Amino acid sequence: MKLRSPFAFVIGLILLISCQHNKINKTMNNANNKADSLINLMTLEEKIGQMNQLMNFVDTLPIESKFYNLIKEGKIGSVLNSFSPEMTREMQRIAVEESRLGIPLLVGRDVIHGYRTIFPVNIGLAATFNPDLVKECAKIAAAEARSEGINWTFAPMMDISRDPRWGRMAESSGEDPYLTEQMAMANIKGFQGENLSNKNSIAATAKHYVGYGAAIGGRDYNTTLIPETELRNVYLRPFKVAVEANVATVMSGFNELNGVPTSGNEYTIKEILKEEWNFNGFVVSDWASIKNLAIHGYAKDSLDATYKALRAGVDMDMCSSHYIENLKSLINNGTITQNQIDDAVKRILKIKFELGLFENPYATKESTLLTEYSKDIATKAVIQSTVLLQNKNKVLPLSKDIKKVAVIGPLADAPYEQMGTWVFDGKEENTITPLKAIEEFLGAEKVNYAPGLKISRTQNKNGFSEAIKAAKNSDVVLLFMGDESILTGEAHCRAKLTLPGYQNELIEEISKLGKPTVLVIMTGVILMVEPYLNQVDALFYGWHPGTMGGSGYVDLLFGIEPPSGKLPMTFPRTEGQIPIYYNHNNTGHPASDESWIRMYDIPEKAWQTSLGNTNHYLDYGFEPLFEFGFGLSYTKFNYSEIKLSKDILSMNDSLIVTAKIKNTGDFVAEDVAQLYVRDLVGSIVRPVKELKRFQRIKLNPGEEKIIEFVLFPKDLEFHNGKEWVIEPGDFHIWIGNSSKASLMSKFELIQ
Ligand code: GLC
C-alpha cells in the first residue's frame with residue numbers, strides 16, 4: 001500500500017492494526033493460536049518488551065515521559081501496583097491505543113486478602129478450614145480489583161510455613177500441605193472464576209515457587225536447605241495442585257534452594273514445573289529476584305543473571321530491567337535462542353488473550369466496592385477464623401445485659417493496623433474496630449475505653465492509670481492487644497515472639513484486679529501466649545481480622561455466633577521449641593510424658609543416665625502449647641464409633657470412614673472434623689500423622705450426626721526421593737477435632 005502523507009500513514013496503520021486485531025480475533029479460535037499469530041507480527045524488541053514488568057514510581061498523572069515512551073514503544077508488557085485506577089487506565093490506554101500492535105498490559109497487584117473489602121490475613125483465612133468461604137473472599141476481591149482495572153493478582157501465596165518467626169507466615173496457610181492445597185485451590189478458583197475472560201476474574205499467581213517458607217531461622221530471604229523428599233512431599237505439593245487448578249502464573253522466589261536460587265533454578269522451574277507438570281502459564285520473577293542472582297553469587301553479572309533466569313524458565317522479569325536491557329545482546333551473541341524468547345512471550349500473550357484483554361482492556365466498573373454482601377462475607381470470615389484458645393470460668397459468651405465493659409489495648413481502635421500486612425486498597429475509614437463495634441452493640445454509655453498504650457510498641461506506662469481505672473469501673477475487661485501490621489509480613493521477622501512494647505506489663509497490671517478478663521490477640525504471626533493463660537480468663541486469637549474485625553469479634557464475644565476457628569499452625573510454648581509441627585517423623589527415640597526427664601527432677605549429682613533418652617527438651621519437653629487443628633467452642637463435641645467400610649484396601653479400592661459427632665453442650669456450634677492418617681512403615685519414614693480430610697459441621701445442642709469421609713490409595717502416595725509410590729502396609733486412621741485426635745482405627749493396604 002503506497003502512502004502519500006503521515007496522516008494517511010497513521011490511518012493506514014490503524015486500519016492495519018485493527019484488521020490485524022480483527023484478523024486475530026476472527027481467524028484464531030483460542031488463546032494459543034492467537035498468541036502464535038500475534039507473535040509473528042512482533043519485532044524482537046516488542047517480544048522482549050512483553051517479558052518486562054515495571055512499576056511507575058511517579059504517583060501522579062500525567063504519566064511521566066520516560067515511562068510513557070516505554071509503554072508506547074512496546075517495551076513494557078506488564079505494570080504493577082500503580083497508584084490509582086486513573087493511572088492504571090492511562091497506562092493501559094497508551095499500550096492499547098498508542099503502541100504499534102496495541103497489545104494490552106497485564107496490570108498486576110498484590111490483592112492478597114482483599115482489595116477494598118479486606119478479609120483476615122491468609123493465616124486467619126486458613127484457620128477457617130472453610131475453602132468455600134475462602135473462595136468467596138477471593139471472588140469478591142477479584143471483582144473489586146477488576147472493576148478498577150487490575151487483571152492479575154500476585155496471590156495466593158502457598159509457602160508451607162513451619163516457623164512462626166517468619167513474618168510472612170501471615171500470608172501463608174500454615175504448616176500443613178493438605179490444608180494449604182485446599183486454600184490454594186479455593187483462592188485460585190475464586191480469583192480466576194470459571195473463565196479468565198469473565199469480567200470479574202483476574203489471573204492468579206502461585207507463589208513463591210519454591211520452599212521460601214523454609215528459611216533457616218525463620219529469617220526472611222534466608223537460605224533454604226530442603227531434601228528431595230521434603231521438597232516433593234511438603235513444599236511442592238500446593239504448587240502441583242495449583243497447576244492442576246489451572247493457575248495462570250507462578251512466581252519464582254527470593255530464596256536460594258540447596259545452593260541454587262529459585263529464580264534461576266532449572267530443576268524446579270524448567271524440569272518440574274514446565275516439563276514434568278506441563279505448566280502452560282507463565283513464570284514471573286519476584287521483585288528483582290533476577291538481579292539478585294548475582295548477589296546470591298550464582299551469576300557473575302547482570303548478563304549472566306539474565307541468561308540463567310531465562311535458562312531456568314523465568315518468563316517475565318519483575319522490576320530488575322535485566323530482560324529489557326540484556327536479552328537482545330544475548331540473542332545477538334548466540335547465548336540464548338529466539339525459541340526461548342518466543343516460548344516466554346507466547347506464554348504471556350496466551351494469558352492476555354485468555355483474560356480477554358484485547359477485547360476488554362479497561363476496568364469493568366461492573367462491581368461496586370465494599371458492598372453489604374462483601375462486608376457480611378468478611379464478618380463471617382472473621383468469625384470462622386478467630387480461634388478460642390481458652391475460656392476459663394465460662395466467662396464467654398458475655399451477656400448483652402452487661403452493665404459496664406472496659407475496652408483496653410492499642411489494637412482496640414487501630415483501624416489501619418487491624419487490616420494486616422499486604423493491604424494496598426483497604427481504607428481505614430471503612431474499618432469496624434473492636435471499640436466501634438462494641439459501642440454500637442452495647443451503647444457507648446456502657447463502654448469504658450482506655451487504650452493504655454498509644455501503639456503496640458509504646459514503652460511507657462503513661463496510659464496505665466486510665467486503663468486500670470476503666471477496668472475497675474467495669475464488670476468485664478476486654479483487652480485488644482497485638483502488633484501493628486508492619487511487625488508482620490515481608491522482611492519483618494522476630495526472634496522473640498512476644499507482645500511488643502509494654503503490653504505484657506499492661507496485661508499484668510489488669511490481671512491483678514481480679515476482674516473477668518478476655519484477651520483478644522490481633523496479629524499475623526504466632527506469639528508465645530503461655531504467660532497470658534494464667535493472667536486472663538479467656539483468650540481469642542483474632543489474627544489481623546481486616547475491615548470487619550470488630551463486627552466479627554462482637555458476634556463471638558456475645559455468643560451471637562459460636563467460635564469455630566482451628567489453628568493452621570502449631571503454637572510453641574517458647575521460641576526455643578521452633579521448629580515444632582504436628583506432621584513430624586517419629587525419630588528412633590520418640591518422646592513421651594513418661595520419658596521426659598524434667599530438668600529440676602534430676603538429682604544434684606547425676607551420672608549420664610539411660611533414662612529420658614528421647615526427643616525432648618529438659619525444660620520445655622516435647623509438646624506444643626496448642627496443637628495444629630486445635631480450637632475451642634462454647635460447647636463440647638464428642639467423637640465416637642469410628643468405622644471403616646473395610647479393613648483391607650486394595651489399590652483400586654476406596655475407603656469410607658465414618659464417625660459419630662455429638663454436641664454435648666448448650667450452644668449451637670460448628671466444629672471442624674479432621675481425618676488424619678499414619679503410614680506405619682515406608683521405604684522412607686513417614687510422618688506420625690498427616691491431615692487427609694476435614695469438614696465443617698454444625699450441630700444443635702444435644703444433636704448427633706454421622707460424618708463421612710472417603711479415602712483413596714492415591715491419598716497415601718508419597719515421593720521416596722526417587723519416585724512417587726503408594727506402598728502396601730498398615731495404616732492408622734484418626735478422626736477428631738485437632739491433630740491430637742485419639743479416636744482411632746486401622747486398615748491394611750494391599751497390592
Ligand atoms: C514482593 C513480594 C511478592 C510480591 C511482589 C510484588 O517483594 O515478595 O510476594 O508479590 O514483591 O509486590
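Is N255 buried or exposed? With a relative accessible area of 0%, N255 is buried, where buried denotes under 20% relative accessible area, exposed over 50%, and partly exposed the range in between, computed with a 1.4 Å probe and the protein chains only. The residue sits in the loop between β6 (249-252) and β7 (256-257); helices (H or I, at least four residues) and strands (E, at least two) are DSSP runs numbered from the N terminus. The C-alpha atoms of N255 and L225 are 9.9 Å apart in space, and the two residues are 30 apart in sequence.

The model is predicted, so that local features need pLDDT of at least 70 and side-chain atom pairs count only at pLDDT 80 or more, while totals for chains, interfaces and linings use all residues. Residues are numbered from 1 along each chain as its sequence is written, and side-chain values use heavy atoms, with hydrogens and water left out.

The ligand site comes next. Around the ligand there are 14 residues, of which D110, R168, K207, H208 and D286 come nearest; a residue is near a molecule if one of its heavy atoms lies within 4 Å of it. By class, this shell comprises seven nonpolar, two polar and five charged residues. In that classification Ala, Val, Leu, Ile, Met, Phe, Trp, Tyr, Cys and Pro are nonpolar, Asp, Glu, Lys and Arg are charged, and the others, Gly among them, are polar.

H208 belongs to strand β5 (residues 205-209). Another cis peptide bond runs from L61 to P62, with omega near 0 degrees, and P62 is in the loop between β1 (52-54) and α4.

Side chains of opposite charge can pair when their charged atoms come close. The structure holds 40 salt bridges, each defined as a side-chain nitrogen of Lys or Arg within 4 Å of a carboxyl oxygen of Asp or Glu. One of them joins R109 and D425, with the closest N and O atoms 2.7 Å apart. This pair links distant parts of the chain, 316 residues apart: R109 is in strand β3 (residues 106-109), and D425 is in the loop between β12 (405-408) and α17 (434-442). Both partners lie in the interior by the accessibility criterion: R109 is buried at 6%, and D425 is buried at 10%.

A further salt bridge connects E98 and K72, at 3.9 Å from N to O. E98 is in helix α5 (residues 85-98) and K72 in helix α4 (residues 65-72), 26 residues apart. E98 is partly exposed, at 24% relative accessibility, and K72 is likewise partly exposed, at 39%.

The side chains of E641 and K643 also meet in a salt bridge, at 3.3 Å from N to O. E641 is partly exposed with a relative accessible area of 39%, and K643 is partly exposed at 48%. Elsewhere, salt bridges that share partners join K72, E90, R93, E97 and E98 into one network.

E641 is of interest for its backbone as well. Located in strand β17, E641 has a phi near 55 degrees, a positive value in a residue other than glycine. W543, also not a glycine, has a positive phi of about 50 degrees. W543 lies in the loop between β16 (538-541) and α21 and is buried, at 0% relative accessibility.

The loop between α21 (549-557) and β17 (637-644) contains Y600, which is exposed at 75% relative accessibility. M599, Y600, I602 and L618 form a nonpolar surface patch with about 410 Å² of accessible area together. Patches consist of residues with over 30% relative accessible area and no salt bridge, with like charges joined within 9 Å and nonpolar side chains (Val, Leu, Ile, Met, Phe, Trp, Tyr) within 5 Å. S564 lies in the loop between α21 and β17, but S564 is buried, at 3% relative accessibility. The side chain of S564 makes a polar contact of 2.9 Å with the side chain of R696; such a contact is a pair of N or O atoms within 3.5 Å, where within protein one must be able to donate a hydrogen and the other to accept it, and residues adjacent in sequence count only if both atoms are side-chain atoms.

Terms used:
Accessible areas come from the Shrake-Rupley method with a 1.4 Å probe; for residues, only the protein chains shown count as cover.
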